[in-house]
Amino acid sequence: MGTAERGASGRYLLGDSPAEIRHLVEQADVYAPEAAELFNLIGITGGTTVIDLGCGVMGVLHLLAERVGASGRVVGLDREARMVEFGRELAERRALPIEFVEADATTTGLSDRSFDVVHARTLLLNVQNPEEVLAEMVR
């Protein structure tokens, strides 16, 4: 098992049905003000390079893209192919310059020190091995 919890059927427990996808997009909008406050506090501005681990469909990626602008870079990483696929489609519809990577948060395959900021909103609450994810976040 990787970073996300899976049921006996092997399916993603948090859900990937069309209704759940809509719920995740709506949920991101509900929590956007708190995310914006956090990004203000940590100083995410133009030119920053950011990755969101366990990004799901969109999460905070749109907020990050607005902040870093054309001189920055935003990457969303999720191990679930359907989340990455829906995220790419939504980013294209919104004309957002976001890169998506399908990978496990414990072994991203990305170069060391590639990002100024590594964000993970709820990922560590939903994994069996948070220490491994944290080790990957700081390398």
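This is a stop-by-stop tour of a predicted model, to be followed in your viewer.

**Stop 1: the whole chain**

Trace them along the sequence and the pattern reads α-α-β-α-β-α-β-β-α. The chain has 139 residues, and 42% of them are buried. Now show the surface. Its accessible area comes to about 7,500 Å², and 51% of that belongs to carbon and sulfur atoms. Contacts reach along the chain too: among those between residues at least 6 apart in sequence, 72% join residues at least 24 apart.

**Stop 2: confidence**

Color by pLDDT. The mean for the protein chain is 87, and 88% of the residues reach 70 or more. Select residues 98-102, strand β3: confidence is highest here, at a mean of 98. Then select residues 18-30, helix α1: among these elements confidence is lowest here, at a mean of 79. Next, select residues 1-10. The pLDDT over this stretch is below 50. In the model, the stretch still has 33 contacts beyond near neighbours in sequence.

**Stop 3: helix α2**

Select residues 32-42, helix α2. Which residues of α2 are buried? They are Ala32, Ala35 and Phe39. Look down the axis of α2: the buried residues fall within an arc of 60°, so they line one face of the helix. Show what lies against them. The buried residues of α2 pack against α1, α3 (61-68) and β4 (117-119).

Now turn to the other side of α2. Pro33, Glu37, Asn40 and Leu41 are exposed there. Pick Leu41. Its relative accessible area is 69%, over the 50% cut-off, so Leu41 counts as exposed. With Leu41 they form a nonpolar patch on the surface. Together the three have about 310 Å² of accessible area.

Step off the end of the helix. Gly43 follows α2, and its phi is positive, near 80°.

**Stop 4: Thr48**

Move on to Thr48, in the loop between α2 and β1 (49-53). Is Thr48 buried or exposed? Thr48 is buried, because its relative accessible area of 10% is under the 20% cut-off. Not counting residues up to four places away in sequence, Thr48 touches Val68, Gly72, Arg73, Asp116 and Val117.

**Stop 5: the Arg79 network**

The whole structure holds 5 salt bridges. Select Arg79, Glu80 and Asp104, which are linked in a network of such bridges.

Start with Arg79 and Glu80. Their side chains meet in a salt bridge, at 3.4 Å from N to O. Glu80 has 10% relative accessibility and counts as buried.

Next, take Arg79 and Asp104. The closest N and O atoms of this salt bridge are 3.3 Å apart. The pair links distant parts of the chain, 25 residues apart. Arg79 sits in the loop between β2 (73-78) and α4 (81-93), and Asp104 in the loop between β3 and β4. Asp104 is also buried, with a relative accessible area of 15%.

**Stop 6: Glu102**

At 48% relative accessibility, Glu102 counts as partly exposed. Which residues does Glu102 contact, leaving aside neighbours within four places in sequence? They are Asp78, Arg79, Ala81 and Val84.

**Stop 7: Arg139 and Glu136**

Finish with Arg139 and Glu136. They form a salt bridge, with the closest N and O atoms 2.8 Å apart. Arg139 is partly exposed, at 30% relative accessibility. Glu136 is buried, at 14%.

Technical notes: Residues are numbered from 1 along each chain as its sequence is written. Side-chain values use heavy atoms; hydrogens and water are left out. pLDDT is the predictor's confidence in each residue, from 0 to 100. Helices (H or I, at least four residues) and strands (E, at least two) are DSSP runs, numbered from the N terminus. Contact means heavy atoms within 4.5 Å. Patches are made of residues with over 30% relative accessible area and no salt bridge: like charges are joined within 9 Å, nonpolar side chains (Val, Leu, Ile, Met, Phe, Trp, Tyr) within 5 Å. Accessible areas come from the Shrake-Rupley method with a 1.4 Å probe; for residues, only the protein chains shown count as cover. A salt bridge is a side-chain nitrogen of Lys or Arg within 4 Å of a carboxyl oxygen of Asp or Glu. Buried means under 20% relative accessible area, exposed over 50%, partly exposed in between (1.4 Å probe, protein chains only). The arc is that of the directions from the helix axis to the C-beta atoms.
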